[in-house]
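Hi,

Here is the structure I promised to send over. Have a look at it first, and my notes follow below.

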Amino acid sequence: MPAWADFALPPLPYAFEALEPAIDAATMTIHHDRHHGAYVANLNAQIKANPALADLSLEALQGRISRFPEAVRNNGGGHWNHSQFWAVMAPLGQGGTPSPELLAAVNSSFGSLEALQQQFSQTAAARFGSGWAWLIRRPDGSLAITSTANQDNPLMDLAGLERGTPLLGLDVWEHAYYLKYQNRRPDYIQAWWPLLNWNEVNRRFQAAGTTA
């Protein structure tokens, strides 16, 4: 890679087959190596034309994305979104449970964990075309569910987005599920919930509180 290529594809924190049967190894391999890998390569290709990228972390870039061309927005968002997506999943039985603090915030904002899951699933299923569903922590500490198109995310300084700290994000692009589920996106969403890495969501919730 050229000396100015500072962004790197993170390895998966588990084996490609570790999320089966909900997400098959073939999908994970293509999704991580080809799709995510392409976002990283394309973002690095933008650094020469946009030298300011070399001085920004991936997360800091999201908050300044409006200053850059569309190619940076799409590929920088794709890199950040997928990096958080791998971390927010875990093999069955290894994801833990919501912390008491997170559960209290969930109950305050949604009434119950079941209500959160139902609303989140509906939002993910209703996203037209390609995009993401998010659970975010607002600056006032409350939680909200939102959705973004394509590779946008709630950290971006873009008009029309509800901004906040993402606690979890679900990829609802067809490449995330089509090999196994074809057009049955709701089935993919339902199968995804048992894979949720609550330990990581708890960590993000706590970190968001310390920076609020």
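A charge is said to sit over a ring if NZ of Lys or CZ of Arg is within 6 Å of the ring centre and within 35 degrees of the ring normal. The charged end of Arg137 does this with Phe205, 4.2 Å from the ring centre. Lys180 has its charged end over the ring of Tyr181, at 5.9 Å from the centre.

A word on the source: this is a predicted model, where local features need pLDDT of at least 70 and side-chain atom pairs count only at pLDDT 80 or more, while totals for chains, interfaces and linings use all residues. Residues are numbered from 1 along each chain as its sequence is written, and side-chain values use heavy atoms, with hydrogens and water left out.

Now the aromatic rings. Rings of Phe, Tyr and Trp (its six-membered ring) pair if their centres lie within 6.5 Å; planes under 30 degrees apart count as stacked, over 60 as edge-to-face and the rest as tilted. That rule gives 9 aromatic pairs. In one of them, Phe85 and Trp132 have ring centres 5.7 Å apart and planes at 90 degrees, so they meet edge-to-face. Phe85 is buried, with a relative accessible area of 1%, and Trp132 is buried at 0% (buried means under 20% relative accessible area, exposed over 50%, partly exposed in between, with a 1.4 Å probe and protein chains only). Phe120 and Trp193 are edge-to-face too, because their centres are 5.4 Å apart and their planes at 70 degrees. Both Phe120 and Trp193 are buried.

Happy browsing!
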